[in-house]
Amino acid sequence: MEARNRIDKILSSTLVVIMSAMVLNVLWQVFTRFVVGDPSSFTDELARYLMIWAGILGAAYAAGKDMHVAIDVLPQKLNEAAQRRLSILVKVLVALFALFAMVIGGSRLVYITYVLDQLSPALQLPLAYVYLVIPISGLLIMYYKLTDILNPRF
């Protein structure tokens, strides 16, 4: 569990940095637009990419803390043993989704955008860097769900 706590701390600190950068970026946009009268050209794009990173890494963080949205009508009607089995099934399904959609699919997206040398319009940032958050978050979600299965917290 020491590794998990360290990952949680790194992930939460990263999210704080991303959100802080997003706030500063938007404040700069407002300042340049209304005070200077010449809006900054890169801030819209940077805010969009920071939002992508915050949202997807935030989903991994929420998955690690079991704070994701869930409908618990069925588990409430089951006995404790059945609830445990259902919980394990849900965690396996989430880990499989993270593997196939986020890790494999996200890695393919990163590879394709890297090979095609796609750049963002204003920042000229390789889009592969923007999309890299998808497989990273997928790996984090898989890690969290697999450790939850191996070390249940009932």
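Reader: What makes the side chains of R4 and D148 count as a salt bridge?

Author: The term requires a side-chain nitrogen of Lys or Arg within 4 Å of a carboxyl oxygen of Asp or Glu. For R4 and D148 the N to O distance is 2.8 Å, so the pair qualifies. R4 belongs to helix α1 and D148 to helix α6, so the bridge ties together parts 144 residues apart in sequence. This is a predicted model, in which local features need pLDDT of at least 70 and side-chain atom pairs count only at pLDDT 80 or more, while totals for chains, interfaces and linings use all residues. Residues are numbered from 1 along each chain as its sequence is written, and side-chain values use heavy atoms, with hydrogens and water left out.

Reader: How many salt bridges does the structure hold?

Author: There are 6. One of them joins the side chains of R6 and E2, at 3.8 Å from N to O.

Reader: Why are R6 and E2 said to be about one helical turn apart?

Author: Both are in helix α1 (residues 2-36), 4 residues from each other, which gives a separation of about one helical turn. Helices here are DSSP runs of H or I of at least four residues, strands are runs of E of at least two, and both are numbered from the N terminus.

Reader: Why do R6 and E2 get their labels for accessibility?

Author: Buried means under 20% relative accessible area, exposed over 50%, and partly exposed in between, with a 1.4 Å probe and protein chains only. R6 has 49%, so it is partly exposed. E2 has 53%, so it counts as exposed.

Reader: What makes D8 and K65 a salt bridge?

Author: Their closest N and O atoms are 3.4 Å apart, and the pair is therefore inside the limit. D8 lies in helix α1 and K65 in the loop between α2 and α3, so this bridge connects parts 57 residues apart in sequence. At 9% relative accessibility D8 is buried, whereas K65, at 36%, is partly exposed.

Reader: Which residues do salt bridges with shared partners join into one network?

Author: The network consists of R4, D66, K145 and D148. R4 and D148 are both buried, while D66 is partly exposed at 37%.

Reader: What makes the backbone of D66 worth a remark?

Author: D66 has a positive phi of about 55° and is not a glycine. Most residues other than glycine have a negative phi, and most peptide bonds are trans. D66 sits in the loop between α2 and α3. Q124 also has a positive phi, about 55°, without being a glycine; its place is the loop between α4 and α5 (127-131), where it is partly exposed at 48%.

Reader: Which residues does Y143 contact, leaving aside its neighbours within four places in sequence?

Author: With contact meaning heavy atoms within 4.5 Å, Y143 touches A3, R4 and I7. Y143 itself lies in helix α6.

Reader: What is the volume of the largest pocket?

Author: About 480 Å³. Of its 21 lining residues, those closest to the centre are D66, H68, S87, V90 and K91. On a 1 Å grid over the protein atoms alone, a pocket is an open set of points where a 1.4 Å probe fits, with protein on both sides within 12 Å along at least five of seven lines; lining residues have an atom within 4 Å of a point. Grid points are joined across faces, edges and corners, and the volume is the space filled by probe spheres set on the points.

Reader: Which helix gives the most to the lining of the largest pocket?

Author: Helix α4, with 7 residues. Helices α3 (73-77), α4 (80-115) and α6 (133-150) each supply at least two.
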